[in-house]
Structures are given as structure tokens and as C-alpha cells.
Amino acid sequence: MPVGDERQWLESRAALIADSLLKMKPDVFGVGRKDIVNGVPFLLGLMDKYDLPLISSNIVLDNGKHPFPRAKIIDWRGKKVAVIGLTYPMPERDRSLGIRVEGWEESARRTLELVKGADIVVALSDLGFDDEHELARRVPGINIIIGGGQGQRLLPDPSRVGDTLILRASDRGRQIGELNIAGASLSGGWRLPVAPYQVDSTRAELEKARLALDAEKKKPSPSSAEVERLGKGVEILSRSLKTLEGARPVSFSHKTIYLDDSVKDDAAIAKAVSSLGPNPEEVRREEIARQAMELAKKNQALNPTPAPTPKNRQAAPKAEASPPAPPDNTPYNTGTVLCRKCHQKEYDFWVKTPHYRAGNALYRQKAEGECFSCHYTKLVFSSGAAVEQVVGCEACHGRGSLHKGGKEGISRAVEESSCKRCHLGFHEGKVFDFKRDYGKIRCDGKGL
Ligand code: HEC
Ligand code: HEC
Ligand code: HEC
Ligand code: HEC
């Protein structure tokens, strides 16, 4: 398409997005912030034209009406699945768009009333990581939240708050998440994996407690108080063992499918994408930048910058006090999601260790910045930084950006001092024993 009207380009692009999304035969789409940048009427026009199943529970027009359906009920294997949609409020922007986006808590509560009686409630959210966890905590009755927006995208596995399972989607259609809940009973909430060593060590403790009880009973004159105390211990341990064993198997499975080169493009869509061409607005901006650059070069030729002498060095304006850019080969953390692609076995082990749950520990209480250094792992992408809310692979094996397989760019064994960055007795009462604890978390499972 020739460079021309921006509006026309936007419409063509929107049509292309609608066409490709519809190929997935979706049941429902939640309206996100980016979907309304061109105004609500624009999106409503598309919804009508393409029959897009959009919902938003909390976008309201100036006249008080909801422009999008507030919820949708889908029939899934004989069960009624209610889907609600929460859009992130941005009051100032909303005013300029002629809409109001209601606060999520109130809106979620009211919409849940609307879908009362559904078997499963799913919330599509654009609220961001933190508010989604807050939503699960404050508004009971949502079984699954599929989130997007601010905060960490693409959790290695769903997280859970109370009886709500939270999944996070990434952007630009780079992955598909698959959550399988067939056969799950939702009445008891979601069950997460339990570490095998937790079961084993509880079983061993129970065995020990039983032996002690027997020994006391066999004494010539057993103390009844001691028999009662030991008996209670055995009872408690058998109960926790039962709970731990009962906690398996988990009540759902989840996987992320990467839409990389191994997934073939749809020929018609690929053709449409390449014929869409660049955004005319961007083309114009680039052209202006190019002209400015040329002008600068010409000026430079006429008035060359003097060679640096001590004098003109002094006269030169001070450089901005910005940190030096790292050389390209400075290693950085790439994230557990990437490691998993090649190390599924170790990943499956790690998921069952407490390190995978380290972020959850912070949800139960007000976490301050100081908590993050041990409970989260910092990621650095080529631009911007983020954290993963786990003690990720790279917290132990080192930054992985230079590791492309083989033994290079990563360390296998983990030094005691490395564990002790975090296991230094910050929380009183726990004793870290490197030898014993190493065995519990080593990913090859050789310590169990
Ligand atoms: C210096 C590292 C470090 C810091 C800082 C830290 N933690 Fe921890 N946290 C740990 C370690 C290690 C454990 C595992 C138990 C242990 O060895 O003490 C743990 C365990 C916990 C647990 C128990 C988890 C469970 O499921 O049993 C909670 C809750 C917790 N931390 C919350 C916090 C909060 C809240 C903060 C901030 C105020 C914080 N932690 C700061 C290292 C740290
Ligand atoms: C708490 C620290 C810790 C974390 C977190 C951790 N590992 Fe490990 N990993 C170890 C230890 C310890 C070993 C055993 C090293 C040895 O002594 O040989 C190990 C071993 C491995 C090995 C070698 C296995 C073999 O059979 O040769 C791989 C691969 C590995 N880890 C990948 C991962 C991946 C991927 C993740 C994240 C999903 C991860 N690790 C998270 C500590 C950790
Ligand atoms: C593109 C695939 C790929 C990715 C991505 C990848 N690895 Fe590896 N990794 C390998 C291969 C292949 C080996 C060599 C296995 C062997 O020698 O048996 C290896 C070896 C390792 C080892 C053992 C090294 C040793 O000295 O024996 C560790 C630990 C490890 N990887 C951790 C990680 C971590 C952590 C990440 C994420 C930052 C990661 N890997 C990402 C393919 C990958
Ligand atoms: C980046 C910080 C960090 C590093 C590095 C780290 N851990 Fe941890 N570890 C934690 C946190 C946080 C927890 C608590 C997780 C929870 O239960 O929520 C934990 C929990 C554990 C637990 C369970 C403790 C309990 O009482 O339940 C063991 C065992 C453990 N770590 C062993 C190790 C070993 C061994 C290493 C080194 C090979 C290591 N960790 C490295 C942060 C770390």
C-alpha cells in the first residue's frame, strides 16, 4: 500500500489484526488499553464489522452505558464458563476518550453478581501483575485470571492466590498458553505441585516418631505423659503426610507454546502483512530525521569540529552523567522461561523446590524493596529491566546470556557462598546446612 493517509493505514492494520485473530476462532476477547487508543467508536466499528467477541466489564460511556458486553457465558463440555473483562483505568486518558473506566474491585464484584450460578469464572485482565494478585485477594469467586499489561509477563507457571489461579500473557502474539483443567474439581481450589522431598522427609520423620513411641511403650514403666506427647506427634505427622500425598497429582496442567519458526505462517495473512507496509507517520518521521542528519553532515563539512586540544576539551560541555553502556558481551540474566526451552527436565525439578515459590512468600505480607533481592531474580533484556518473581535458574547458575548450549557461559556446581547470598539467616530460626540443603535442590535430583 502506498504511503498515504495514516487513518487509512490504521484501519487496514486493524482489519488485518481482526482477520488473523478470527482465524483462531476465539470465544471471547478482553478489551485492553492498547485496543482503545484510537477511541472506543473505532473499536466498536470493528466489533460490528467483524463480529469480534469483545467484552469489558468496566468501560462506561459518558451516558452511563456499557459499550461492550460486560461478560460472556460460554458453554464448555456442559459447564457454564463465565468470562468477565477488566480494563486498566487511566482517568486522564479516559476523559479525553470520552469514557470512564470503573475501578476494578467494584466492577468485578458487580459483574460477578451478573454471572451468578456459573460453574467456572474466568477474568481477562489488563490490570497488570500487582493488581491482578490484589484482585484475587480482594474479590473471591474468580477461578482463573488471565492477565496482561504491566509487570512481569509470561510466568514460568501459573501463580495462585487463595483459590484463584493466575496466568500471564505476553504481547505481540509470540506465544500461546495452554491451560488444561479437564477433570479438575474446583471446589477445593487449585492444587500446586509439592516437592517430592517434602513428602519423603515427612515420611522419615513419621517413621522416627513411631519408633520413639514404641520404645517408650516397651519400657518397663512407661511414662503416660511421654506416651501421650509422642502419640500426638505421630498423629500430627501422619496427618501432614496424608495432606502432602493427597496434594498430588496437581489439578491442572499448563504449557507455553512458542510461535517461533517451527510454526508455519498462514500464507494469506503473511502476504497481507508484507503488503501493509510501514506506518506512514513513521515514514514521515524517519524522512525528517534523515534530512536533519544530512544537514548536520553538511554543516560539519563546512565547520569541522576542532581536534581535541587540552583547551577545547576544557571548553567542551560536560557529558551527561549517565552510566557507561555495558560492552556487548556483558552477561545478563535471560530468564527461566528461556532456560526451560532446553532444560525441561531440570525445570520440572526446580518447579517443585521452594525457590519456585519464593515470590509467593511475599504476597502473604507487605513486601518492601529489601525483600526482592532474595525472593526475586532480576532480568535484564536488551532494553529495560524486569524481575521474575522466583529464585530463577540464573540465581544459582549465573547469568545465562552467553550460554548457548554446551558447557560454556554457565556454571554447573554452585558454591556455598553463592547460596549464602540469600541464606544468611535473614529470617531467624532456620539453619542453612550447605551439604544437606544442596542435595534438596540440585536439579539433577541426585541428592534425593
Ligand atoms: C537475605 C535474603 C532474604 C531477604 C532480604 C528476605 N528473605 Fe525471606 N527468605 C529468605 C530465605 C533464604 C528463606 C528460606 C527460609 C530461611 O532459610 O530462612 C526465606 C523465607 C521466607 C518466608 C517463608 C516462606 C515459606 O513459604 O515458608 C517468608 C514469608 C519470607 N521469606 C518473607 C520475606 C519478606 C516479607 C521479606 C522482606 C521483609 C524477606 N522475606 C526478605 C531470604 C530472604
Ligand atoms: C538453588 C540453586 C539452583 C537453582 C535455582 C537451579 N539450579 Fe540447576 N543445579 C543446581 C545444583 C546445585 C546442581 C548440581 C550441580 C552439581 O553439583 O553437579 C544443578 C544442576 C543443573 C544442571 C545439570 C544437570 C545434569 O544432570 O547434568 C542443569 C542443566 C541445571 N541445573 C539447570 C537448571 C535450570 C534450567 C534451572 C531453572 C529452571 C535451574 N537449574 C535452577 C542448583 C540450582
Ligand atoms: C539452546 C538450548 C539451551 C538453552 C536456552 C540453555 N541451555 Fe543450558 N545447556 C544446553 C546444552 C546443550 C548443555 C550441555 C549439556 C551436556 O553437556 O550434557 C547445557 C548445559 C548446561 C549446564 C551444565 C553445564 C556443565 O558444566 O555441565 C547448566 C548448569 C545449564 N546448561 C544451565 C542453563 C541455564 C541456567 C539456562 C538459562 C539461562 C540454560 N542452561 C539455557 C542447552 C541450553
Ligand atoms: C537468590 C536467593 C537465593 C539463592 C541464591 C539460594 N536460595 Fe535457597 N531459598 C531462597 C528463598 C527466598 C527461599 C524461601 C522460598 C520460600 O519458601 O518461599 C529458599 C529456600 C530454600 C530451601 C528450603 C528451606 C526451607 O526451610 O524450606 C532450601 C533447602 C534452599 N533454599 C537451598 C538452597 C541452596 C542449597 C542454595 C545454593 C545452591 C540456595 N538455596 C540458593 C533464596 C535463595
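This is a predicted model: local features need pLDDT of at least 70, side-chain atom pairs count only at pLDDT 80 or more; totals for chains, interfaces and linings use all residues.
**Entry 1: α1 against α8**

On the α1 side I found S12, R13, L16, D19 and S20, which meet I269, A272, V273 and L276 of α8. Sorted by class, this contact holds five nonpolar, two polar and two charged residues.

I then turned to the geometry. Two packed helices are described by the angle between their axes and the distance between the axes. For α1 (residues 6–22) and α8 (residues 267–276), I noted axes that come within 11 Å and a crossing angle of roughly 165°. Angles over 145 degrees count as roughly antiparallel, and α1 and α8 are therefore roughly antiparallel to each other. I recorded the crossing of α1 and α8 as left-handed.

**Entry 2: β4 and β5**

Next I examined strand β4 (residues 71–76) and strand β5 (residues 79–86), which run antiparallel and are joined by six bridges. I traced I74 to its bridge partner in β5, V81. The two strands, β4 and β5, form a hairpin with two residues between them. In that turn I noted R77, whose phi is positive at about 50°.

**Entry 3: the shell around ligand 4**

I listed 21 residues surrounding ligand 4, and the closest are P354, A361, V414, C419 and C422. By class I recorded twelve nonpolar, four polar and five charged residues in this shell.

Which helices each supply at least two residues of the shell around ligand 4? I found α14 (369–375), α15 (393–397), α16 (416–419) and α17 (434–441). The largest share, four residues, comes from α17.

Technical notes. Residues are numbered from 1 along each chain as its sequence is written. Chains are lettered from A and ligands numbered from 1 in the order in which they are written. A residue is near a molecule or strand if its C-beta atom, placed from the backbone, lies within 6 Å of it. Ala, Val, Leu, Ile, Met, Phe, Trp, Tyr, Cys and Pro count as nonpolar, Asp, Glu, Lys and Arg as charged, and the others, Gly among them, as polar. Axes are lines fitted to C-alpha atoms, for helices over the stretch in contact, and angles run from 0 to 180 degrees between N-to-C directions. Angles under 35 degrees count as roughly parallel, over 145 as roughly antiparallel, 65 to 115 as roughly perpendicular and the rest as oblique. A crossing is left-handed if the near helix is turned anticlockwise from the far one by less than a right angle, and right-handed if clockwise. Two residues are in contact if their C-beta atoms, placed from the backbone, lie within 7 Å. Two strands pair if DSSP finds at least two bridges between them.
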